[in-house]
Amino acid sequence: MNFAFTDEQKMFADEIRKFALKHLAKDALPRAHDPRFPFDVAKLMHAQGLMGITIAQADGGAGGTLMDAVIAIEQVAAVCPRSADVVQFGNFGPIRTFAEYATAEQKKLWLTDLLAGNMVISLGMSEPEAGSAVTDLATSARPDGSHYVVNGTKVFSTFSPDAAIFLVYVRYGPGLNGIGSVIVERGTKGFTIGPPQRFMSAEEWSELHFENCRVPAANVLLGPGGFKKQIASFNVERLGNSARSLALGRYAYDKARDYASTRRQFGRPLCEFQGLQWKFADMAMKLEAAQLLLYRAATNTDRGLPSAYETAVAKVACNQAGFELAHEAVQAMGALGYSSQTLVEYCMRRCRGWMIAGGSIEMLKNRIAEHVFDRRFDQRPPKAEAAE
Ligand SMILES: Cc1cc2nc3c(=O)[nH]c(=O)nc-3n(C[C@H](O)[C@H](O)[C@H](O)COP(=O)(O)OP(=O)(O)OC[C@H]3O[C@@H](n4cnc5c(N)ncnc54)[C@H](O)[C@@H]3O)c2cc1C
């Protein structure tokens with residue numbers, strides 16, 4: 001067992017850090033407070049080879065590993081936390097599911113532009129009545145000649161105000177096996193995008209309404225029975241979420257540690273007070289433990305896809321550590337940490353959201369418990385009870 005990066009990984013990390021310092025450091029603060037997708041950063045990252053790290057070379061990616069993409073998130077976030085979202089977009093999010101299952105024709109239409117940072121894809125999975133219980137989704141896709149007619153509503157989709165295409169989970173028929181997905185282009189007749197709403201992080205999302213929206217059959221990404229494949233790819237998205245949680249927690253921790261080393265009160269630096277030393281010792285332990293779980297999940301992949309259990313453990317650990325570190329960092333920096341002059345409060349707000357997004361902490365603990373007891377725990381009431 002080896003806990004150190006290889007020489008190639010060290011070189012890769014160094015190159016990204018230099019790129020981030022040169023191109024992303026200067027505007028890190030205003031960028032974090034701009035809710036819209038940073039297309040300028042996406043184009044720079046494309047030129048640097050940071051888009052499609054884990055996507056096959058034949059599809060315009062770099063054919064690298066998930067661990068490489070995790071390293072990219074860490075190095076970028078250490079300089080510009082907001083830009084880590086672009087690494088997520090280009091490597092872990094719906095783009096990865098798309099690259100995994102799209103037809104050659106679909107890839108030709110959209111993948112090149114997505115990887116070049118010319119357009120964004122957004123995931124339409126959650127619905128007003130189907131959040132954690134995602135398989136309750138009701139958005140329907142009914143075949144009609146050469147098209148599917150889509151009806152339903154999606155909520156909370158990241159990047160939806162800016163996206164040109166949407167990967168929409170739909171129901172072709174009843175039950176788990178009735179679920180699959182289609183690609184819907186902005187501007188398609190019957191597809192309305194609501195006004196932007198705000199998360200606590202200041203990121204924006206729009207409600208997506210489909211009313212007799214005719215989507216060409218050629219836009220089907222996964223037909224009936226595609227749900228399990230979608231969730232297998234979604235574990236990649238979860239690792240990107242985990243990596244950003246921890247990276248933003250580390251960013252806040254680093255800033256607070258530097259502050260505690262220099263800020264003086266009662267005639268001595270803050271770091272000389274034991275109350276703060278123990279805070280930082282706890283933070284360091286949480287950081288290191290979550291980091292190892294993240295690296296394990298990112299390394300133990302099967303054909304590029306991480307295990308559901310290791311991903312669940314890593315995500316809970318990173319979500320909790322990231323938020324707790326950022327939260328404590330705000331405290332250790334006093335009013336300055338709470339103010340928007342630094343990105344510490346931003347990291348805290350962002351990390352809070354990842355405890356809910358991409359499989360909430362509670363839902364992932366349910367998954368972990370199933371592994372512990374080696375049995376499935378149905379979250380739904382028994383059928384007779386549900387019918388009452
Ligand atoms: C920052 C952010 C970005 C997001 N981006 C996207 C996106 O791009 N695309 C998209 O489709 N969706 C997105 N979402 C939505 C996200 O997927 C849902 O918020 C998530 O699935 C939870 O659903 P819900 O919010 O409806 O909460 P609910 O499912 O209503 O849950 C409410 C609370 O109850 C808990 N709970 C529910 N069921 C159980 C259970 N069985 N056991 C224990 N606890 C339970 C939950 O953990 C939660 O704490 C995003 C959300 C956030 C916060």
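**Close-up views of a predicted model**

View 1. With a relative accessibility of 5%, F37 counts as buried, whereas F39, at 25% relative accessibility, counts as partly exposed. In this predicted model, a search of the whole structure finds 16 aromatic pairs, and one of them joins F37 and F39 in an edge-to-face arrangement, with 5.0 Å from centre to centre and 75° between the planes. Ring pairs also link F37, F39, F89 and F159 into a cluster.

**View 2. An aromatic pair between two strands.** The ring centres of F166 and F191 are 5.1 Å apart and their planes stand at 85°, so this pair is edge-to-face. Because F166 belongs to strand β4 (residues 165-171) and F191 to strand β6 (residues 191-193), the pair ties together parts that are 25 residues apart in sequence. Both F166 and F191 are buried.

**View 3. A charged group over a ring.** The charged end of R352 is placed over the ring of F323, at 5.6 Å from the centre of that ring.

**View 4. The surroundings of the ligand.** The ligand is surrounded by 19 residues, of which L123, S126, S132, S360 and E362 are the closest. Ligand oxygen atoms lie 2.9 Å from a polar backbone atom of M125, 2.7 Å from a polar backbone atom of S126, and 2.7 Å from an N or O atom in the side chain of S132. Of the 960 Å² of accessible area that the ligand has on its own, the protein covers 69%. The elements giving two or more residues to this shell are β1 (121-124) and α13 (361-373), and α13 gives the most, with three residues.

Conventions
Residues numbered from 1 in each chain as written. Predicted model: local features only at pLDDT ≥ 70, side-chain atom pairs only at ≥ 80, totals over all residues. Heavy atoms only, no water. Phe/Tyr/Trp six-rings, centres within 6.5 Å; stacked < 30°, edge-to-face > 60°. Buried < 20%, exposed > 50% of the residue type's maximum accessible area, 1.4 Å probe, protein only. Helix = DSSP H or I, 4+ residues; strand = E, 2+ residues; numbered from the N terminus. Lys NZ or Arg CZ within 6 Å of the ring centre and 35° of its normal. Near = heavy atom within 4 Å. Polar contact = N/O pair within 3.5 Å; in protein donor to acceptor, adjacent residues only side chain to side chain. Areas by Shrake-Rupley, 256 points an atom, 1.4 Å probe, with all protein chains shown as cover.
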